[in-house]
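Subject: Structure handover

Hi,

Here is the structure I promised to pass on. Please open it first, then read the notes below.

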Amino acid sequence: MSVFQIGLQTVNGYLIFQNKNGSYQLVLTDQFGKDKPLYFNLGETNFYFEPTWSPDSKKLFYNDSHLNLYYIDIASKAVVKVADDKLSGQTGRVSNHFQPSWSPDSKWISFIRTLENGVPAVFMYNLDTKKTQQITDGMSSARNTAFSQDGKYLFFTASTNTGLTNSGLHMSAVQRNVDYAVYAFILSSKTPSFFKNDSDDEQIREENADKKEEGETNKKERLKENDKKSPKKDKKEVAVASKPIDKSIQVDFDRIENRIVALPLPAGPYWNLNGLVPNQLTYQRGGTIGAYDFKELENKTLVENARSYVISADGKKMLYQTGNGFNIVNAGQKVASPTAGEIKLAGIQQLVDPAAEWKQVFNEVWSMQKDYFYVENMHGADWKAMKAKYEKFLPFVNHRSDLGYLLNEMMGEMVVGHNYIYPGDQPSTPSVSVGVLGADYTLKNGYYQIAKLFTRLEWNPSFKAPLAEPGLNIKEGDYIVAVNGIELTEDRDIYSLFDNTVGKQVMLKINSKPSLVGAREIIVKPISFGDEMNLRSMEWVERNRKRVNELSNGQIAYVYMPNTGPEGYTYFNRYYFAQMDKKALLMDERNNGGGWVADYVIDLLSRELIAGWGIRDGKGFTTPGNGIYGPKAMIINENAGSGGDMMPYMFRFKGLGKLVGRTTMGILVGISGYPPLLDGGRITSPNFGVYDLKGNWIIENEGVAPDVFIEQLPKDLLEGRDPQLERTVKILLEEMKTYPYKNLQKPADPIRVN
């Protein structure tokens with residue numbers, strides 16, 4: 001039986017663990033090993049997240065991998081479902097996406113759930129009545145929940161500008177800043193706001209109250225002295241006197257909308273709200289841990305450059321994490337220095353039984369696929385039979401790479417894309433970083449001659465081209481005759497002289513002739529192979545753009561998208577909006593590596609002219625303001641997949657133009673977050689697939705076929721030809737002849753006065 005720890009919250013001398021024994025269970029075990037562990041079944045699911053103790057240490061809430069929120073009563077072992085969130089689309093999450101919190105009296109659970117309109121709202125669940133109450137109205141996107149320590153307020157964040165960011169899968173969500181404000185729901189209609197207007201006699205009332213309290217204290221002290229002198233009270237009287245006070249918080253839902261107040265905090269990306277420190281709300285905003293003090297009514301910064309934090313149940317201590325490690329400090333106070341409360345973790349070692357660990361990892365991978373795969377039928381694979389089929393090879397696994405191979409074979413039985421495995425505790429071999437110069441060479445006259453120089457392009461600040469930097473005056477045809485004083489002749493591999501030189505100064509001797517005589521010395525900083533590939537890719541793109549411009553006599557714009565992620569987004573915006581004067585568009589997505597769903601691109605390409613605007617001086621403009629309003633076509637190939645499958649599908653769906661080339665890869669399923677494996681490895685299990693408006697699964701294992709099939713042979717490329725690009729230009733030129741262009745012309749000046 002393998003056990004691994006998921007928490008360190010102490011309850012009556014016990015710690016929280018999870019145990020893999022067919023499926024995960026909650027296990028409470030004595031931290032000193034004196035008592036037998038207590039086991040609790042949490043449900044039918046394999047994976048559960050973030051069990052959190054109630055303040056009375058009698059219950060835990062947690063969620064599962066199927067979007068359900070539960071709590072368990074430790075005494076009775078009863079599991080109660082609080083809510084589900086089938087509208088959130090948060091499949092694959094590995095945390096409690098309900099973002100719940102316990103009330104101080106352990107009788108309420110606050111949480112976030114998505115409404116029918118797709119907007120998350122705040123809810124409260126009562127453990128006694130089993131009833132749920134919606135708090136926010138669904139007109140703003142709510143996040144986070146946290147009760148105040150005194151039980152008077154429920155804090156949360158909300159935003160009204162989440163808009164398109166509700167779907168992180170789509171490119172239209174990119175570069176849209178979303179700000180949240182922090183709010184407090186006043187739980188009782190009898191509780192005043194902490195931002196009330198104080199009257200002039202407040203101080204007098206407080207002084208009178210202090211005197212009254214002082215008098216009551218003195219009275220109690222006198223009574224205590226009398227008790228010592230008087231006879232003992234009978235047992236019945238003592239029992240009545242020591243009856244515990246009801247600590248239930250006061251909650252009602254009368255006119256909720258008038259009891260939600262905004263805190264005076266600047267809008268921003270808030271999360272991890274915490275109300276455990278008395279008279280304070282602690283939060284994270286970016287990398288800052290801050291706090292709002294309700295006594296002083298002021299905002300303060302506690303820690304900078306933090307990753308996360310947690311506050312102890314009594315509100316006295318805070319554990320926070322930075323890039324340097326973990327620290328424990330007093331909660332609610334500004335941290336004196338980065339080293340205050342530093343936890344020393346250096347030198348910690350763990351003894352591992354590889355065979356037991358590999359078996360655990362195998363079982364976890366099988367379970368993750370079962371729980372997270374987007375369809376229950378596992379694409380028709382008998383998943384129990386697959387476990388039996390591959391489990392028998394476990395005794396022959398002798399290395400972590402063997403296990404990876406075995407897992408890949410088992411996962412391959414589902415016949416699906418995006419089903420990846422990343423190695424965990426696997427030894428790696430040393431690697432040597434070889435520097436390169438961003439050039440092609442030819443061997444001539446016994447030396448290395450520069451055949452081609454790749455430039456960084458003056459408008460791309462991230463590119464570096466060592467031999468094309470200003471002032472070096474190196475040109476194609478020059479020779480590199482020495483590196484760091486070592487003569488470079490054709491019998492020596494040029495790359496052997498650039499081991500471990502990336503980013504370091506290297507001295508070259510350059511000559512216009514194949515000789516050391518008369519050579520000049522220059523200093524360069526080699527780049528990595530990856531950086532050089534960027535130079536080569538951009539050179540290919542620019543070569544294509546110039547070729548299209550040449551073949552079309554300057555009439556067709558060329559836009560390449562290497563993927564549908566951040567890089568592709570940048571490429572599209574850079575090239576598309578710089579060619580607004582063109583009469584047609586050639587989109588090239590060959591070898592597209594995918595990423596997001598490129599709805600942003602398709603939406604822009606779908607624009608049609610609506611109106612023109614005339615101005616007195618200069619050229620007018622149009623609505624929409626930006627676009628290429630003419631024929632369009634897209635080149636696709638067999639190496640474009642995922643988002644590179646979806647983009648041509650949408651291009652065709654919108655009727656934007658012809659697809660030219662070869663059928664795309666056909667790997668269109670989605671992946672998100674998954675629990676980590678025991679040894680730090682990871683896997684994916686596709687948890688959303690795409691279907692059309694008629695209810696048919698599409699693209700996965702099929703791809704998107706072209707309208708015009710054009711093969712691209714290596715021979716064509718070696719001869720400097722690009723049949724796919726050339727054919728697409730011809731198609732567009734032909735379509736331009738009959739395209740119904742809207743040639744807007746500014747009308748004559750109007751006469752408005754009769």
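One definition to start: Ala, Val, Leu, Ile, Met, Phe, Trp, Tyr, Cys and Pro count as nonpolar, Asp, Glu, Lys and Arg as charged, and the others, Gly among them, as polar. This is a predicted model, so local features need pLDDT of at least 70, side-chain atom pairs count only at pLDDT 80 or more, and totals for chains, interfaces and linings use all residues. Residues are numbered from 1 along each chain as its sequence is written, and side-chain values use heavy atoms, with hydrogens and water left out.

A cavity is a set of points on a 1 Å grid over the protein atoms alone where a 1.4 Å probe fits but cannot get out. A pocket is an open set with protein on both sides within 12 Å along at least five of seven lines. Lining residues have an atom within 4 Å of a point. Points are joined across faces, edges and corners, and a volume is the space filled by probe spheres set on the points.

The count is 2 cavities of 30 Å³ or more. The largest cavity has a volume of about 50 Å³. Its lining is Gly435, Val436, Leu437, Ala439, Tyr441, Ile494, Tyr495, Phe498 and Glu532. By class, that lining has 7 nonpolar, 1 polar and 1 charged.

The second largest pocket has a volume of about 1,200 Å³. It is lined by 38 residues. Leu609, Thr622, Gly627, Tyr629 and Lys742 lie nearest its centre. The lining of this pocket divides into 14 nonpolar, 13 polar and 11 charged residues. Strand 33 (611-613) and strand 34 (621-623) each give at least two residues to that lining. Helices (H or I, at least four residues) and strands (E, at least two) are DSSP runs, numbered from the N terminus.

Helix packing

Axes are lines fitted to C-alpha atoms, for helices over the stretch in contact, and angles run from 0 to 180 degrees between N-to-C directions. Angles under 35 degrees count as roughly parallel, over 145 as roughly antiparallel, 65 to 115 as roughly perpendicular and the rest as oblique. Contact means heavy atoms within 4.5 Å.

Helix 3 (residues 354-372) has two partners to look at. The axes of helix 3 and helix 4 (residues 383-391) come within 11 Å and cross at roughly 160°. The two are therefore roughly antiparallel. Phe362, Asn363, Trp366, Gln369 and Lys370 of helix 3 touch Trp383, Lys384, Lys387, Tyr390 and Glu391 of helix 4. That contact has 4 nonpolar, 2 polar and 4 charged residues.

Helix 3 and helix 5 (residues 400-411) pack at about 25°, with axes 11 Å apart. That makes them roughly parallel. Among the residues in this contact are Trp358 and Val361 of helix 3 and Leu403 and Met410 of helix 5. The contact divides into 10 nonpolar, 1 polar and 1 charged.

Helix 6 (residues 529-551) and helix 7 (residues 566-576) pack at about 30°, with axes 14 Å apart. That makes these two roughly parallel. Met538, Val541, Glu542 and Arg545 in helix 6 meet Tyr571, Arg574 and Tyr575 in helix 7.

Backbone points

Most residues other than glycine have a negative phi, and most peptide bonds are trans. Glu50, in strand 5 (residues 48-53), has a positive phi near 50°. A cis peptide bond joins Thr623 and Pro624, with omega about -5°. Pro624 sits in the loop between strand 34 and strand 35 (632-636).

Best wishes
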